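I opened my notebook beside the model and started looking things up. Come along with me, entry by entry.

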Amino acid sequence: MNTRGTSDSWEAEYQGEKAIYLRFGSSEAVMLPEIGGNLVAFRDYERGFHFLHEPSPDEMESFKARPMIHGIPVLFPPNRYEDGRFAWNGETLQLPVNEEATGNHLHGFLYNIPWVVDEYGHSGEESHVSVSITIDEDHPVYQLFPFSYSITLRYSLSSDGLMQHVRIRNHGTTCMPCLLAFHTSINAPFTADGSARDYRLKLTIGDRWELDERMLPTTHFQPLVPEEEQMRGPGVYPFFAEMDNHYTAVPQNGRNRMELQDTKNGMTLVYDVGTSYKQWMIWNNSAEEGFFCPEPQINLVNAPNLDLPLEEAGLFSIQPGEIWEETSRLYLRQTT
């Protein structure tokens, strides 16, 4: 029998890796600070719900090498940059070309390196963990992205679900681009005995960006197919076709979010992200049932290299001494 209380937090191992566990009521979350600050699990252990795509024991080595499709990886800078290069403040930044098929840089450099556990704890209201990474001239990452900054992630479990708070602080003397996304991996089905055919996906998308053969935006839009219209309306089966698509984000009723409804049990998983995320990526693993990734993203793919208004490209700076922050929440609600 589990003897832990209603609210708890503790350090233990997760498949051989250092982990911080959070517990509140019947909800549980697991954070792996040394693998990119990735929150790899969010569960309702009493009902057997697993909302995030977790790495299995035999996937751990591939997960550590490239933890893109499990949990909530941090993408900084997110997605693709042409030839790994872009201009900022009159200088050209060069990131490694790490996607051979396109000749681009992909997904940044923070998703698989160690983060520091600043603090974890629990109270009657929540359990929580905070992790951070600080980049300065002595950090290897500085050579790739020569700015001094820190990023802090705080996750908390409460009766309102799982909340994520992200904060970026510019410690340097020059402005830096705010380029961030989360490659969030959602299970469909998330119930132990569910069927993906019973699931309906809603997403607050606007227009779909046209992507070229290198998966970079042309700055033009493509017409939405009927299923995409359903995705931003009543909902659609998440695996209706292969998706590796890029969309503008258009909040509905003041909210920017994904909803995943299990029509059989009348439960909906809500992923409510902040309106600073001006774009969505969605990838569904070649339409193979099991999981998909609705990725809230601040900037358009390859934004610094595109001739677009800054607001349209989601491209903005953080001035010296400034802080940018945003919150997101995953929670379950009854829909019938």
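**Entry 1: Thr-219**

I began with Thr-219, which counts as partly exposed because its relative accessibility is 26%; partly exposed is the range between buried, under 20% relative accessible area, and exposed, over 50%, with a 1.4 Å probe and protein chains only. I found Thr-219 in strand E20, residues 217-222. Strands (E, at least two residues) and helices (H or I, at least four) are DSSP runs, numbered from the N terminus. Thr-219 is not a glycine, yet I read a positive phi of about 80° there.

A note on what I am reading: this is a predicted model, in which local features need pLDDT of at least 70 and side-chain atom pairs count only at pLDDT 80 or more, while totals for chains, interfaces and linings use all residues. Residues are numbered from 1 along each chain as its sequence is written, and side-chain values use heavy atoms, with hydrogens and water left out.

Asn-285 has a positive phi of about 55° without being a glycine. I located Asn-285 in the loop between strand E24 (279-283) and strand E25 (290-297).

Then I noted cis peptide bonds. The bond from Phe-76 to Pro-77 is cis, with omega near -10°, and Pro-77 sits in the loop between E6 and strand E7 (80-82). The bond from Ala-188 to Pro-189 is cis too, with omega near 15°. I placed Pro-189 in the loop between strand E17 (186-188) and strand E18 (199-203).

**Entry 2: His-70**

Is His-70 buried or exposed? I have it down as buried, because its relative accessibility is 4%. His-70 belongs to the loop between helix H1 (60-65) and strand E6 (74-75). Its side chain makes a polar contact with the side chain of Glu-59, at 3.4 Å. A polar contact here is a pair of N or O atoms within 3.5 Å; within protein, one must be able to donate a hydrogen and the other to accept it, and residues adjacent in sequence count only if both atoms are side-chain atoms.

I also listed what His-70 touches (heavy atoms within 4.5 Å). Not counting residues up to four places away in sequence, the neighbours include His-53, Glu-54, Phe-63 and Ser-185.

**Entry 3: the nonpolar cores**

Next I looked for nonpolar cores, meaning sets of buried Ala, Val, Leu, Ile, Met, Phe, Trp, Tyr and Cys residues joined through side-chain atoms within 4.5 Å. Which residues touch the most other members of the largest core? Of its 80 residues, I wrote down Phe-76, Tyr-149, Leu-180 and Leu-260. Strand E13 (residues 149-158) supplies the largest share of this core, five residues. Apart from it lies another core, of 11 residues, among them Trp-10, Tyr-21, Ala-41 and Met-60.

Leaving out residues up to four places away in sequence, Tyr-149 touches Phe-76, Phe-109, Ile-133 and Met-176, among others.

**Entry 4: the open sheet**

I traced an open sheet of eight strands, ordered E11-E12-E13-E14-E27-E23-E22-E18, with antiparallel pairing. Two strands pair if DSSP finds at least two bridges between them. Strand E11 (116-122) and E18 stand at the edges, each with a single partner strand, so one side of each has no neighbour in the sheet.

E18 runs antiparallel to strand E22 (residues 256-262), and five bridges join them.

My last stop was E2. Seven of the eight residues of E2 are buried, so this strand is largely enclosed by the rest of the structure. E1 and E2 form a hairpin with two residues between them, and Gln-15 in the turn has a positive phi of about 50°.

E2 and E3 also run antiparallel, joined by five bridges, and they form a hairpin with two residues between them. Gly-25 in that turn has a positive phi of about 55°.

Ser-26 lies in the loop between strand E2 (17-24) and strand E3 (27-32). I noted Ser-26 as buried, because its relative accessible area is 18%. The Ser-26 side chain makes a polar contact with the side chain of Asp-44, at 3.3 Å.
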